[in-house]
Amino acid sequence: MNIKKIIFGILLFTVFTGVAQRNDNDKIKAYKTAFITEALELTVSEAEKFWPVYNTYAKEYQKIKIVKTRQVFRKIRTVGGIDKLSDAEADTILEELLEIDIKVAKAKKQLKKDLTGVISSKKIIKLIAVHIFWVTKQR
């Protein structure tokens, strides 16, 4: 039997058997782990090195992209929407949004650096695509 299928099976089993004992965040994290492991076809050796790096990146991405973007859009709602912003406020918010994108790009560059030698460049590309899919699906 293929080692990748075994790992995926174990991860899925963990998700389904622990449903009653886990909160929603734990179930989502387990599903995400299984999803990414299968999508990247990680070997056991790759997975051992991959997950600490990816988890650090995912936390940083969450902090930068999700939290900061929500803060910016909360500012917009506070003033009554985009149409209620002054030109100066709009310019400031636009700069904040661009800075968020720059920080995300830097985090991706660090992810690539940290994963080089752990997984192939092709798998890193797949990871970025899967991560984007996962993040947009969660909204």
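Let me start with Gly117, which sits in the loop between α4 and α5 (121-137); helices here are DSSP runs of H or I of at least four residues, and strands are E runs of at least two, numbered from the N terminus. Gly117 is exposed, at a relative accessible area of 75%, where exposed means over 50%, buried under 20% and partly exposed in between, with a 1.4 Å probe and protein chains only.

A word on the source. This is a predicted model, in which local features need pLDDT of at least 70, side-chain atom pairs count only at pLDDT 80 or more, and totals for chains, interfaces and linings use all residues. Residues are numbered from 1 along each chain as its sequence is written, and side-chain values use heavy atoms, with hydrogens and water left out.

Now the confidence. pLDDT is the predictor's confidence in each residue, from 0 to 100. The protein has a mean of 86, and 81% of its residues reach 70 or more. Confidence is lowest in helix α1 (residues 3-17), with a mean of 63, and highest in helix α4 (residues 87-115), at 95.

On the overall layout: the protein has 5 helices and 0 strands, running α-α-α-α-α from the N terminus. Of the 139 residues, 30% are buried.

Back to helix α4, where Asp87 is found. Asp87 counts as exposed because its relative accessibility is 71%.
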